[in-house]
Amino acid sequence: MNDAVANPLLDFSGMPRFADIKPAHVEPAIRGLIDENRALIERLTADPATPTWDGFVSPMDEAGERLGRAWGVVGHLHSVFDVPEWREAYNAMLPEISRFYAEVGQNLALFQKYKALHDSSEFATLSPVRQRILEHALRDFRLSGAELPDDQKPRFQEIQEEQSQLAAKFSENLLDATNAHAEWITDEAGLAGIPDDARQAARAAAEAEGKEGWKFTLQMPSYLPVLQYADDRELRARMYRAYATRASELGNPELDNGPLIGRILALRDEEARMLGYRNFAEVSLVPKMADTPEQVLGFLHDLAAKAKPFAEKDLEELKAFARAELGLDTLEPWDVAYASEKLRQARYAYSDQEVKQYFPEPKVLDGLFGVIRALYRVDILPDEAPTWDPDVRFFRIEKEGELVGHFYLDLHARSTKRGGAWMDSARSRHRNTWGSDTPVAYLVCNFPGPVGGKPATFTHDDVLTLFHECGHGLHHLLTQVDELAVSGIHGVEWDAVELPSQFMENFCWEWDVLQGMTAHIDTGEPLPRALYDKMIAAKNFQSGMQTVRQLEFSMFDLRLHSELDASAGPVPIERVMALLDEVRREVAVMIPPAWHRFPHSFSHIFAGGYAAGYYSYKWAEVLSADAFEAFEEAGAGRGSLLDPETGERFWREILAVGGSRPALDSFKAFRGREPRVDALLRHSGMVAQA
Ligand SMILES: [Zn+2]
């Protein structure tokens, strides 16, 4: 089309034309696409005829995909090429695009059309995948209150708005309370044990206020080094108490999150009942892989029972070390991080710098591609396409000569790139009446680049990150689903979406795999066994204690949203604390002091999206470890865990199907049974010694 020639953002015929796309193209392209979508929605919802898949869903998908792809390119450039002109172009359109998506989500006429198609005679003739897509669309409308009687809608809306306000207030209180406390040190002797960089930061903080000495705050980069390293036990105790009582009635009453917690719980309970559920945990689980609160609690109890003996052992070991080596006869909560760090250094320390010498970038990429080739019998070949930076590489994946998908690899940090690492979709696989496309992914990391004519070298953490993002990438690229809404990572339950990514990380801990992907930058020698053993020991250091801590948070979160009756209005904070005590008595090995106010700073569930969902972290870890165990079992009989038959099955049952069927069905189809926690325990070193 001529349009596309004039505006390269509107050219959907191939890869994004990064060389031609300019900030000035954004506004006309995005505005045009939003108008196109609005006009289409208006036309389709005004049509009195019963909607059909081809006449309604298909054009909606097509128009939505065009906007999604064009805006995806803009968002991507904003992340990886954040120069002022691009930032401006992105921010100029952001409010408009957000408004458009919010409007679609609340469009009742649209909801009626989806419902009419769902209730029509055509529904029975649709493929199970298409039926699932329609059911999910209706579910999402329903959870936003679309099906409520008209006289209840205003109250539902009020509840949503008050919840957002309370969540924002919760975060603000926590931030203000965090900033309200400082420890001033004027005598340098008081800094004993604290590392230089933390001291320098504390000195700079004091200087910024024109004061002498050192200022330590409750912000993590300042707080953590004090708790881990400060020899002054009193200083640690004061900081610990200040941190543990943030945003509670023990501090400034204006910043107390206690009443907010009670109010948030009551509103969530009311919302759940309006939608026809018994409690908020049930609402939270509707779009997730887990079915019921009881099922999640069963999972958490099971894992807790198995992990607790190891946590007790970790704690005993720590107490014995603290007594013998540090002269701490009773281990107080403010000693735990300090003693742990000393113990870790004494037993398991190795230098990241030393390990790094064994991971030059070309060898790591060879190793990664080698794992993928061996598992899925695909070829990964260098390819050509316009990119946003000369450092970016582009590859194609082929299976027996046939194109599967493409990906961009942007590994090195740049001043114009957002921090962190991520995988994003540039194009999703689809095949339908209006055309077909293979998937394209962006893999973006922030690793150091090459220096002094030598290849870049990666820390082991970098390598884990690369494998993790590549796992998300393969989920997106190896999909065999033809429907946009559920191809690749689309429509996958959020407590299952980390399965393929965490799964890939496991390979970075395998001796055989590491032998093939390490070569010392100077000598070319692979990773030595002694260093490998230390890495494994350090990985599993205190895994029992860490596991029960995560389980304590998960159980508290779930029981808070399923057991605590909030139907009579705001929940008194005493009841919240009592529930937490009960959970701790079951799972914790280190019981904090009675004045500890953990809930008041639990932002994940009171100000983030994790309410009745904190368990997802462990849940996905269990799934990925258990899936990986299938490769270990296959490897035991063949000498290598890179088993292509198991790989083919993992591709077919998990990666290929994406969101087209429930994640639990996919898992069971791959593993031949329900998930079990045993593999995760074993991978974390929590196995009973014979
Ligand atoms: Zn991830």
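Predicted model: local features only at pLDDT ≥ 70, side-chain atom pairs only at ≥ 80, totals over all residues.
**Exercise 1. Find how many cavities of 30 Å³ or more the whole structure holds, and describe the largest.**

Step 1. Search the whole structure. Four cavities of 30 Å³ or more turn up.

Step 2. Take the volume of the largest cavity. Its space comes to about 120 Å³.

Step 3. Look at the lining. There are 14 lining residues, and Asp11, Gly14, Pro16, Arg69 and Val73 are the closest to the centre of the largest cavity.

Step 4. Sort the lining of the largest cavity by class. Ten residues are nonpolar, one is polar and three are charged.

Step 5. Assign the lining to secondary structure. Helix H3 (53-80) and strand S6 (422-427) each supply at least two residues to the largest cavity. H3 gives the most, with three residues.

**Exercise 2. Characterise the second largest cavity by volume, lining and class.**

Step 1. Start with volume. The second largest cavity has about 90 Å³ of space.

Step 2. List the lining residues. They are His475, Val492, Ala496, Leu499, Ile654, Val657, Gly658, Ala663, Ser666 and Phe667.

Step 3. Which helix supplies the largest share of this lining? Helix H26 (residues 663-671) does, with three residues.

Step 4. Count classes. The lining of the second largest cavity has seven nonpolar residues, three polar ones and no charged ones.

**Exercise 3. Explain why strand S5 (residues 402-412) is largely enclosed by the rest of the structure.**

Step 1. Set the cut-off. A residue is buried when its relative accessible area is under 20%.

Step 2. Apply the cut-off to S5. Nine of its eleven residues are buried, so the strand is largely enclosed by the rest of the structure.

**Exercise 4. Work out how S5 pairs with strands S4 and S9.**

Step 1. Take S4 (residues 393-399). S4 and S5 run antiparallel and are joined by seven bridges.

Step 2. Lys399 has Glu402 in S5 as its bridge partner.

Step 3. Inspect the connection. S4 and S5 make a hairpin, with two residues between the strands. In the turn, Glu400 has a positive phi of about 45°.

Step 4. Take S9 (residues 440-447). Here the pairing with S5 is parallel, over six bridges.

Step 5. Which residue of S9 is the bridge partner of His412? The partner is Phe447.

Step 6. S5 pairs antiparallel with S4 and parallel with S9.

Note on methods:
Residues numbered from 1 in each chain as written. Heavy atoms only, no water. 1 Å grid on protein atoms, 1.4 Å probe; cavity = no way out; pocket = protein on both sides within 12 Å on 5 of 7 lines; lining within 4 Å. Points joined across faces, edges and corners; volume = space filled by probe spheres on them. Helix = DSSP H or I, 4+ residues; strand = E, 2+ residues; numbered from the N terminus. Nonpolar A, V, L, I, M, F, W, Y, C, P; charged D, E, K, R; others polar. Buried < 20%, exposed > 50% of the residue type's maximum accessible area, 1.4 Å probe, protein only. Pairing = 2+ DSSP bridges.
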